[in-house]
Amino acid sequence: MSIRIGILGYGNLGRGVECAIKHNPDLELKAVFTRRDPASVKILTETAKVYHVDEAVKMKDDIDVMILCGGSATDLPVQTPEFAKYFNVVDSFDTHAKIPEHFEAVDKAAKESGKTALISAGWDPGMFSLNRLYANAIMPTGKDYTFWGKGVSQGHSDAVRRIEGVIDARQYTIPVEKALEAVRNGENPELTTREKHTREVFVVAKEGADKARIENEIKTMPNYFDEYDTTVHFISEEEMKRDHAGLPHGGFVIRTGKTGWDDEHNHVIEYSLKLDSNPEFTSSVIAAYARAVYRLNKEGQTGCKTVFDIAPVYLSAQSPEGLRAHML
């Protein structure tokens, strides 16, 4: 029996989830929900239908897991706790500083409804979070470093697009090479947020928009840009389509540590990603965690979870016996 999936929001992430479902035979796309006119949204899955978001709750018995593909700035803080009242849900909330309060809101709603929710699934937070945890557990004496990019951040780009007067935007996160090299060399530098990354933003503004105001709102945006050296470029729609159509990303999680009675041996753990499509990779992570959420709910586990709470066996379509035989 397939796990029936609903997708809320059909932007880059929603389209990526649809593609991920195609590659997982035990998952089935049941419906896509949108705030737009459903007739204007064309999906790829012939066996699924598009509905207005207002119709979602009426289909709560037809969907096993609802995947929420909205933005972290304004959509998910509202949508995830609301939809956890009716569905098992997964989101990709990526505002790191606000994860604890988001967790509390979703946990309350999911426990009251007997549903299972998982927040912040993706590669950071998500896969990178797991690697930070594993590395810390293995080498308690050491330092953590995370570098992102160079690549397009979906969350940051979405946050800029929410600014009044902005038509479109792409935000690139860029590691500072000098800092990355020092970490890899085992120098264990003390690095501020500003010393590890820079941010570069390309903006298409509405005609007559106050560009100085837009640039200031970007550079001073809490949790997104205020702690970074940020460069803002205003470009045309044609330049955006020509030069910034792709959504690459990636990054590195590094922990340097010591072992031995007198800390005489040095070690470096590095996990890296190089992604041709940020949303499609994120969607693939989400699809695996949708499977886990479904299984946990069937076991009677309710409330909110994060990637830290999910045993790897729940993610795989393979049986535990198969995993032990072929992957262990």
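In which sense do strand 1 and strand 2 pair, and over how many bridges? I looked this up first. Strand 1 (residues 3-8) and strand 2 pair in the parallel sense, over six bridges. I took strands as DSSP E runs of at least two residues and helices as H or I runs of at least four, numbered from the N terminus. Two strands count as paired if DSSP finds at least two bridges between them.

The model is predicted: local features need pLDDT of at least 70, side-chain atom pairs count only at pLDDT 80 or more, and totals for chains, interfaces and linings use all residues. Residues are numbered from 1 along each chain as its sequence is written, and side-chain values use heavy atoms, without hydrogens and water.

I then checked strand 2 (residues 27-34). Six of its eight residues are buried, meaning under 20% relative accessible area with a 1.4 Å probe, protein chains only. Ala31 in strand 2 is the bridge partner of Gly6. Ala31 also has a bridge partner in strand 3, Lys49. Strand 2 and strand 3 (residues 49-52) run parallel, joined by four bridges.

Strand 9 (residues 166-175) pairs with strand 10 (residues 197-205) in the antiparallel sense, over nine bridges.

Conventions: Buried < 20%, exposed > 50% of the residue type's maximum accessible area, 1.4 Å probe, protein only.
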